[in-house]
Amino acid sequence: MPAGDLEHSPFWYVTLPSEEAARSIGQRALLTKMLIEVWGEGSTWEELEAALRAYPEAAMAPWTGPDQSFKVVVDTFGSKLSMDQQLDMIEKLEFLPFKGKVKLRSPDLQFVLLVVDCEDNDSLVDVALPRRYYFGRQVAAADRSVLESYSLKRRLYLGPTSMDAEIAFIMCNQAKVRRGQLMLDPYAGTGSILVAAAHYGAKVMGTDIDIKVLREGKPGPGGTDRVCIGSNFTQYGLPQPVGLIRLDTHKHPLRPDLQEVLHAIIGDPPYGVRAGGKKSGAKPELADKRNPITDPSTHIPATQPYTLGECLRDLLDLSARLLVVGGRLVYFLPATPETYSEAEVPGHPALRLVANSEQILTMRYSRRLVTMEKVCPYDAAAAAAYHAARPDPTMAIDRLHDIVYEQWDEAAKKEAAESAPRRRCRGKQF
Amino acid sequence: MLSCHIKNVRNGYPFLIEVVKVSEHEADFDPDFLKHIFPRINWPAFLQGAVSLGCREGLPEEANESMLEDEGFLKRFHHALLEVFLEEGSLVCPETGRKFPVSKGIPNMLLNEDEC
């Protein structure tokens, strides 16, 4: 835990079995900036210096030899330091017993002086930290270069709800996707999450109820060849998905005895702010008015609205069946401050909630990344009993579209602003 | 993995495959994945599909997990499972004869409203 046990702090102590473990984390982690072996810390410069002087010489020795080039960088939280101020601080560290040469470009070792100073920064309201100095050796740094190479800006095939590359990769990390595995996105769309999972070496499958987005794609740049999900895989030199299937997760064609075949199910369910959910069958009020089916081969099947509550019930039950024990389901649950309650996060007897993390999108609307793990084999009777005890899967968030687009008058806006202080995203200041 | 899901259909598995066009593209050879998926595959149904797609050659009539130690078997299994695709054609329900069209490699499994 960080100084003061502040849960919102971006600095956390972890105990790891080896440096190798730390480097492996650095290779996959996208939200961890770096891992530092802390040599000393304090709330004042004097405390830091005293701590560093007390740090055992023997612990420093492997990293301070004459043949090891090094550099010290200053990183700040809550405020900025000018180049001159940074150099002053680095010079004040000269009492440390480094015998190697300073090398600014690709040194053997990198040391970090971390300065936390939020005192004059009003914008930090709820994330301010007490003043603190840390010094230590950087053991690993997160490699975020993957996000640049998969940036949506240069991706060939995109739709209005394509998952941002960073979030898609984070979803795959939550699901622990790796080579040797089979992954499914039941709401594949333009395949953004499939691309991220394929990058990590899994075999990927995508399904969607929308045949147009899945099969037809759209005209390529400059009106050339059409682009589709396959184009994105070709663009990144990834093996093609093992299967893309148009199906309805509510009435799906997976053979009934199929179980424990997937390691990960990752998806962004349709929730009706931009793309609403659909399932098979005619809308009840229109069922009598539809043209009779004359030729089943050319008939366009009717679809009807699919509430998020129903959709998530189907998703969790499908996951409970198709995941291997230990396999993970990762999906986004929309939320608004007025409607969200932890009790409404859907559950299943075979799945355990691992994480539920909020991403604030606007004042009225956020989404929560939910991670669940399958903890026991699927038991159809237990699942049926669980669902029978909760006959109505409707959730308050099924009104999401209305809530987000509701017109507020000035008085209501003012009241909302006063009753709930503006919430901020964390992690932007570091 | 798929079976016919029209209501009241009991023997909807496995689908018969009507081939118009088959395509092949190379897939990453991953023995761990093959070992995971093998016990989940209904071998007779897999063979039936492989015959339809013309990639049955070299696959034994019966298979068991000990074969997974044989690199040659793994390579042939890998090829038939992951590198041969039904590009155009249909999946045909063995009970009702209902055809689910496959176009551009993508089966359209959506039911008409009188089927669900």
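Helix α6 (residues 165-174) of chain A packs against helix α7 (residues 192-199) of chain A at an angle of about 55 degrees, and their axes are 9 Å apart. That angle makes α6(A) oblique to α7(A). For the record, axes here are lines fitted to C-alpha atoms, for helices over the stretch in contact, and angles run from 0 to 180 degrees between N-to-C directions. Angles under 35 degrees count as roughly parallel, over 145 as roughly antiparallel, 65 to 115 as roughly perpendicular, and the rest as oblique. Helices (H or I, at least four residues) and strands (E, at least two) are DSSP runs, numbered from the N terminus.

The crossing of α6(A) and α7(A) is right-handed; a crossing gets that label if the near helix is turned clockwise from the far one by less than a right angle, and is left-handed if anticlockwise. On the α6(A) side the contact is made by A:A168, A:F169, A:M171 and A:C172, and on the α7(A) side by A:S192, A:I193, A:A196 and A:A197. Contact means that the C-beta atoms of two residues, placed from the backbone, lie within 7 Å. Sorted by type, the residues where α6(A) meets α7(A) come out as seven nonpolar, one polar and no charged. In that sorting, Ala, Val, Leu, Ile, Met, Phe, Trp, Tyr, Cys and Pro are nonpolar, Asp, Glu, Lys and Arg are charged, and the others, Gly among them, are polar.

Keep in mind that this is a predicted model: local features need pLDDT of at least 70, side-chain atom pairs count only at pLDDT 80 or more, and totals for chains, interfaces and linings use all residues. Residues are numbered from 1 along each chain as its sequence is written, while chains are lettered from A and ligands numbered from 1 in the order in which they are written.

| Chain | Helices and strands | Residues buried | C-alpha extent along principal axes |
|---|---|---|---|
| B | three helices, four strands | 27% of 116 residues | roughly 50 × 25 × 20 Å |

Chain A is divided into domain 1 (19-142) and domain 2 (147-289 + 298-405), with bounds that come from an automatic or database domain assignment. Taken over C-alpha atoms, the centres of these two domains of chain A are separated by 41 Å. Among contacts in chain A with a separation of 6 or more, 73% are between residues 24 or more positions apart. For chain B, that share is 70%. Reading chain B from the N terminus, its elements run β-α-α-α-β-β-β.

Where the chains touch, 33 residues come from chain A and 29 residues from chain B. On the chain A side, α8 (211-216) and β9 (243-246) each supply at least two residues. That side of chain A divides into 19 nonpolar, seven polar and seven charged residues.

A few backbone details are worth a look. Most residues other than glycine have a negative phi, and most peptide bonds are trans. A:S106, in the loop between α4 (83-92) and β3 (109-116) of chain A, has a positive phi near 35 degrees. A:S106 has 8 other C-beta atoms within 10 Å, so it counts as exposed. A:K176 also has a positive phi, near 55 degrees, and sits in the loop between α6 and β5 (182-185) of chain A. With 17 other C-beta atoms within 10 Å, A:K176 is partly exposed. In chain B, the peptide bond from B:Y13 to B:P14 is cis, with omega near -10 degrees, and B:P14 lies in the segment before β1 (16-24) of chain B.

Strand β1 of chain B also holds B:I17, which is partly exposed because 18 other C-beta atoms lie within 10 Å. Leaving aside neighbours within four places in sequence, B:I17 is in contact with B:G49, B:S52, B:L53, B:L86, B:G89 and B:L91. B:I17 and B:F100 are 83 residues apart in sequence, with 9.7 Å from C-alpha to C-alpha.

Notes
A residue is buried if 20 or more other C-beta atoms lie within 10 Å of its own, exposed if 12 or fewer, and partly exposed in between; C-beta atoms are placed from the backbone.
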